[in-house]
Amino acid sequence: MSEPIRQLADLIRRSENTVFFGGAGVSTESGIPDFRSASGLYKARQAYGYPPETLLSRTFFKRRPELFFRYYRENLIARDAKPNAAHLALARMEARGLLRAVVTQNIDGLHQAAGSQNVLELHGSNWRQYCLGCGARYDLDYILRPENWQKGIPLCEACGGTVRPDVVLYEEQLDEDVLAAAALAIAGAQLLIVGGTSLAVYPAAGLLRWFRGENLVLINKTETSYDSQAQLVIHDSIGKVLGEAAAGL
Ligand code: ZN
């Protein structure tokens, strides 16, 4: 185990309230591409004619639902993705009383798949769908069945309304309860581990301002603008770092 990872394990052991805040980098190690990355941006423009921020906006969803759903289905759903070492390590930490909450910007449900219980999903989840007509709830498998689609749009079997993912689109507000719970968790943390995010995207930076604890740890493959404020910075794979740190607890 390298010295920084030993330090991280030490901080986790000594902390009475640890919270993890994660971004897209946590999921990319499960093979889920980051649509905000340079290649994701390029692909969206090439194949769909628009950048992801447009394709995944509320306006676009209303005006061009067929193209919205095509992009969503082809790029944001990873039904067969499996939790990686980072997800598993966090679930193990929580089970052992060493982690209070996971705050995530990801919508893939991989923390729950790994066994994490207290997961605050800032951007919602692919695993939940709801009808805009009658509010009926559906799971992910419902919208993966072709017979539930008509003219490129998944429809409610009860009322025929459009079934949309329970995820936060651009131009939409985050769920207030989830946001408040995330802020509360971060405000109460003694140790905050931030991983797989450059902290450039809203609401990550805003949420970090709530942190009043002792130790901030940043784990990211590249530098972030918060590196100078952290007690410990590790530029490496999040799965490797958390996997090794949790194994040493
Ligand atoms: Zn309905």
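Biologist: Which residues coordinate the zinc ion?

Modeller: Start with what counts as a donor: an N, O or S atom within 2.8 Å of the metal, or 3.2 Å for Na, K and Ca. Water is not among the atoms, so sites may look incomplete. Here the SG atoms of Cys131, Cys134, Cys156 and Cys159 coordinate the zinc ion, at 2.3 Å. Along the chain these donors follow the spacing C-x2-C-x21-C-x2-C.

Biologist: What should I know about the model itself?

Modeller: The model is predicted: local features need pLDDT of at least 70, side-chain atom pairs count only at pLDDT 80 or more, and totals for chains, interfaces and linings use all residues. Residues are numbered from 1 along each chain as its sequence is written, and side-chain values use heavy atoms, with hydrogens and water left out.

Biologist: What is the arrangement of the 4 donor atoms around the zinc ion?

Modeller: Look at the angles. Four donors count as tetrahedral if all angles lie between 85 and 135 degrees; four count as square planar and six as octahedral if opposite donors are over 155 degrees apart and all others between 65 and 115; anything else is irregular. The 4 donor atoms here subtend angles of 95 to 116 degrees, so the arrangement is tetrahedral.

Biologist: Which residues of helix H3 are buried?

Modeller: Helices are DSSP runs of H or I with at least four residues, strands are runs of E with at least two, and both are numbered from the N terminus. An α-helix has 3.6 residues a turn, so residues three or four places apart point the same way. In H3, residues 38-48, the buried ones are Gly40, Ala44 and Tyr48. They cover an arc of only 35 degrees around the axis, so they sit on the same side of H3. That arc is taken from the directions from the helix axis to the C-beta atoms. Ala38, Ser39, Tyr42 and Gln46 are exposed on the other side.

Biologist: What covers the buried residues of H3?

Modeller: Contact means heavy atoms within 4.5 Å. The cover includes helix H4 (52-55) and helix H6 (65-75). After H3 comes Gly49, with a positive phi near 85 degrees.

Biologist: How many aromatic pairs does a search of the whole structure find?

Modeller: Rings of Phe, Tyr and Trp (its six-membered ring) pair if their centres lie within 6.5 Å; planes under 30 degrees apart are stacked, over 60 edge-to-face, and the rest tilted. The search finds 8 pairs. Phe68 and Tyr72 have ring centres 6.0 Å apart and planes at 5 degrees, so they are stacked. Both lie in helix H6, 4 residues apart, about one turn of the helix. Phe68 is buried at 0%, and Tyr72 is buried at 1%. Tyr138 and Tyr142 also form a stacked pair, because their ring centres are 3.9 Å apart and their planes lie at 25 degrees. Both of these tyrosines are buried.

Biologist: Which residues do ring pairs link into a cluster?

Modeller: The cluster holds Phe61, Phe68, Phe69, Tyr72 and Trp149. A charge sits over a ring if NZ of Lys or CZ of Arg is within 6 Å of the ring centre and within 35 degrees of the ring normal. Arg73 lies over the face of Trp149, 4.5 Å from the ring centre. Arg164 lies over the face of Phe61, 5.5 Å from the ring centre.

Biologist: What does Ile107 touch?

Modeller: Ile107 is in the loop between strand S2 (101-104) and helix H8 (110-114). Its relative accessible area is 14%, so Ile107 is buried. Leaving out residues up to four places away in sequence, Ile107 touches Leu76, His123, Gly124, Ser125, Asn126, Trp127 and Val167.

Biologist: Where are Glu171 and Leu199?

Modeller: Both have positive phi without being glycine: about 80 degrees for Glu171, and near 65 degrees for Leu199. Glu171 is in the loop between strand S8 (163-167) and helix H10 (176-187). Leu199 is in the loop between strand S9 (191-195) and helix H11 (204-208). Glu171 is exposed at 53%, whereas Leu199 is buried at 3%.

Conventions. Buried < 20%, exposed > 50% of the residue type's maximum accessible area, 1.4 Å probe, protein only.
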